[in-house]
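The sequence and the structure are shown first.

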Amino acid sequence: MAAQASSEDVVSVDVHAAKDLLQSGHRYLDVRTVEEFNRGHVENSLNVPFMLFTPEGRVKNPQFLDQVSSLCSKDDNLVVGCQSGARSLLASADLLVAEFNNVRNVGGGYAAWVENGFTVQSSARI
């Protein structure tokens with residue numbers, strides 16, 4: 001029987017704690033879409049979308065865990081964020097099931113990061 005994790009198993013931190021974790025060597029995994037990521041993101045973050053836009057609507061990225069595994073070790077310290085904290089909570093639960101050992105969800109997500117005036121990068125071209 002497959003292991004299951006719920007959002008209750010995920011440790012969430014606010015953006016101030018997330019910033020401190022990043023400064024101590026954690027990696028930021030941004031699970032927003034590529035389009036969202038390109039409009040602005042936390043500096044030096046990795047982008048692996050948890051949800052994808054399809055003609056049928058938004059669907060879970062079937063390659064999410066494989067894509068994260070190609071970029072990160074299961075022992076890496078990960079701070080997982082999205083726009084507001086909902087997708088990253090689900091993504092964090094999936095990462096825990098996949099035996100990523102050091103996962104923290106960013107409560108409030110990128111929106112809270114920006115609201116607090118923290119540094120961001122943009123990949124968008126005008």
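How far apart are the end C-alpha atoms of helix 4, and why does that distance agree with its 12 residues? In this predicted model, the end C-alpha atoms of helix 4 are 17 Å apart, which agrees with the 16 Å that its 12 residues should span at 1.5 Å a residue.

- Helix 4 lies across strand 1, strand 2 (27-30), strand 7 and strand 8, and it runs at about 170° to strand 8.
- The buried residues of helix 4 are R87, S88, A91, S92, A93, D94 and L95, and just after this helix E99 takes a positive phi of about 70°.

- Five strands form an open sheet in the order 1-8-7-2-4, with parallel pairing.
- Strand 1 (11-13) and strand 4 (46-47) stand at the edges with a single partner strand each, so one side of each is left without a neighbour in the sheet.
- Strand 7 pairs with strand 8 (residues 102-106) in the parallel sense over four bridges, and N102 in strand 8 is the bridge partner of N77.

**The nonpolar cores**
- The largest nonpolar core has 17 residues, of which L29, V31, F64, V68, V80, L95 and F100 touch the most other members.
- Helix 3 (64-71), strand 7 (77-81) and helix 4 (86-97) each supply at least two residues of this core.
- Another core, of 11 residues, lies apart from it and has V15, A18, Y28 and V106 among its members.
- Leaving aside neighbours within four places in sequence, F64 is in contact with L29, V31, V48, P49, F50, A91 and L95.

Notes. Residues numbered from 1 in each chain as written. Predicted model: local features only at pLDDT ≥ 70, side-chain atom pairs only at ≥ 80, totals over all residues. Heavy atoms only, no water. Core = buried A, V, L, I, M, F, W, Y, C linked by side-chain atoms within 4.5 Å. Buried < 20%, exposed > 50% of the residue type's maximum accessible area, 1.4 Å probe, protein only. Contact = heavy atoms within 4.5 Å. Pairing = 2+ DSSP bridges. Axes fitted to C-alpha atoms, helices over the stretch in contact; angles between N-to-C directions. Expected span 1.5 Å × (residues − 1).
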